[in-house]
Amino acid sequence: MRKKYLITIPALAAMLTCTSCNDWLDVMPDNRAEIDSSEKVYKLLVSAYPEISHVYCTELYSDNTDDFGASNPYSDRLIEQIYSWAEVTETGNEAPQGVWEACYSAITNANQALVAINDLESKGTEGLEAARGEALLCRAYNHFILAGLFCEGYDPDTAGEKLGIPYMEAPETELNPKYERGTLEHVYDMIDKDLQEGLPLVNDAVYSIPKYHFNQKAAYTFASRFYLFKGDWDKAIQYATTALGTSPTENLRDYATLASLPKDEDVVPVQYNSTNAKNNFLVQATYSELGVLYGPYYAYKRHNQGNLLMQTEVMNLAPWGGYQPSVSSYTYGNMYKLTPYVYVATNLDMTMLPRCPYLFEYTDPVQGIGFARTSTVPLTAEEALLNRAEAYIMKEDYANALADINLWTNNTLNPSRCEIVTLTEDSIREWADGLEYYTAEAPTPKKHLHPLVAEVEEGSVKEAFVHCILYMRRVEFLQCGMRWFDVKRYGIEIYRRTLGTALDVVSVDDVMTVDDPRRAMQLPSDVITAGMTPNPR
């Protein structure tokens, strides 16, 4: 069952299309009670995180997906529309409309919390600084995700001319409000403002389980991502360092524990997303079928991540070595401590990393109906480390970049199965120089770059390091939705291919060029109908 009807707080789309006057304006936005105590503020902030994940959309939209052909019946209209970069007419939790509504609903809760905090503090209530910080971080994060999906990539030279998304700073107080999109520059300025105000206020001590909230490590990792995307390398380094602490290795994922578990797709993904994992800084539970899409099932496998992609771009032909592609060779997975699960059968070619558990919430156990759910980890120690390494690369500080790169490789790779585990400037240059640039028919990990916030000359040392860090990020965030953001900010052209059964490309069906307007997903149709300016097509 794809659809979950949100019955708590009207989302922005509903606000925009409301035409009848009723008692809605007389009801508190949380549909429960007046927010008149510190305890109620903190309870409200639980709903300031989106209950729908963007990962389904962004992973299918990116170059991490191929089409296995019309003979494979395991797909649906929503997946086909997202994969083909079409205007999505399907609705439901996984659709862009669902992400839009979930993020703006979370923003509404954050804003209502801020109003309540101001009111309580004006009456003398103390101890709400951490709540204010969390609300500001949630507001910034949700707007950041929305801008990443529905706006063009951020370029400081053109952001003042590009369409943004409405930056909501207050709860609704009128019926049928009208919104202007503003500019992408304004959105980024407002995120910056909320971050700078919110970061010093975050306090882990107020939470029983900090990893369900914007704790300090999560908050500073998000800040490192934002400033990396914005091109402020010094701040990206500063905030990543704050998140990682003085001994980053103590925060990285414990692969020995994962490896000790039974190799079971119902066990490992749950532990991968556990709040007990030291590297998981922020953990979220969402309504999603990610566990089906990237699980050991035939469902939804027409558009997927198969052996060709893994052999030629994502896990093989790596800076640390690799096996040459062949139909029967799946041994590239042995290079990684977290070994991928490979499923190959009739109409099934899928390489799965056990990262997305398939959970099910029964609403009626007798009839066996309910909602698919999963857990995700939006912010991790590994991201903070890779963000910092990339920022060092942009500053051409390759010594510090290598230090972070090798912290990741030594923690992630299986040293007995790799040609190189500790990378050097020479080994990275040799790897990059030895690759031809990608074509759809002859794929490699090396793609032409057109970065939006930096200069990267082809053939330079910097380009070699950038290809290396992008490769590492692709491995680290596979099936986690991050690749699409990297595609946008580096201006990477991506293709739609139909594959055969023997690692062959049957046809190249479409290309998303650097200036393709489809890099900004189209707004939900009901939002456009309500009068908001659509993205150009």
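Student: In which loop is the place of Gln479?
Tutor: This is a predicted model, in which local features need pLDDT of at least 70, side-chain atom pairs count only at pLDDT 80 or more, and totals for chains, interfaces and linings use all residues. Residues are numbered from 1 along each chain as its sequence is written, and side-chain values use heavy atoms, with hydrogens and water left out. Helices (H or I, at least four residues) and strands (E, at least two) are DSSP runs numbered from the N terminus. With that naming, Gln479 sits in the loop between H17 and helix H18 (483-489).

Student: What is phi of Gln479 near?
Tutor: Most residues other than glycine have a negative phi, and most peptide bonds are trans. Gln479 is not a glycine, yet its phi is positive, near 65°.

Student: Is Gln479 buried or exposed?
Tutor: We call a residue buried under 20% relative accessible area, exposed over 50%, and partly exposed in between (1.4 Å probe, protein chains only). The relative accessible area of Gln479 is 1%, so Gln479 is buried.

Student: How is Asn347 classed, with a relative accessible area of 28%?
Tutor: Asn347 lies in the loop between E4 and E5. Because its relative accessible area is 28%, Asn347 is partly exposed.

Student: Over how many bridges do E4 and E5 pair?
Tutor: Two strands pair if DSSP finds at least two bridges between them. In the hairpin of E4 and E5 there are two residues between the strands, and Asn347 takes a positive phi near 60° there. Tyr343 stands opposite Met350 in E5. Strand E4 (residues 341-345) and E5 run in the antiparallel sense, and their bridges number five.

Student: Which strands stand at the edges of the open sheet, each with a single partner strand?
Tutor: The open sheet has three strands in the order E2-E7-E6, paired antiparallel. Each edge strand has a single partner, so one side of each lacks a neighbour in the sheet; these are strand E2 (280-287) and strand E6 (359-364).

Student: Which helix packs on the sheet, touching E2 and E7?
Tutor: E6 pairs with strand E7 (residues 369-380) in the antiparallel sense over five bridges, and Gly370 in E7 is the bridge partner of Tyr362. Contact here means heavy atoms within 4.5 Å, and angles run from 0 to 180 degrees between N-to-C directions, with axes fitted to C-alpha atoms, for helices over the stretch in contact. Making about 40° with the direction of E7, the helix on the sheet is H14 (residues 381-394).

Student: Is H9 roughly parallel or antiparallel to H14?
Tutor: The axes of helix H9 (residues 233-244) and H14 come within 9 Å and cross at roughly 150°. Angles under 35 degrees count as roughly parallel, over 145 as roughly antiparallel, 65 to 115 as roughly perpendicular and the rest as oblique. Therefore H9 and H14 are roughly antiparallel.

Student: How many nonpolar residues has the contact of H9 with H14?
Tutor: Residues of H9 including Trp233, Ile237 and Leu244 meet residues of H14, among them Leu385, Arg388 and Tyr392. Ala, Val, Leu, Ile, Met, Phe, Trp, Tyr, Cys and Pro count as nonpolar, Asp, Glu, Lys and Arg as charged, and the others, Gly among them, as polar. Besides one polar and one charged residue, the nonpolar count is 12.

Student: What is the angle at which H15 and H17 pack?
Tutor: Two packed helices are described by the angle between their axes and the distance between the axes. For helix H15 (residues 398-412) and helix H17 (residues 461-476), the axes are 12 Å apart and the angle is about 25°. This makes H15 roughly parallel to H17, at that angle of about 25°.

Student: Is H16 roughly parallel or perpendicular to H17?
Tutor: Helix H16 (residues 425-433) packs against H17 with axes 9 Å apart, at an angle of about 85°. That angle makes the pair H16 and H17 roughly perpendicular.
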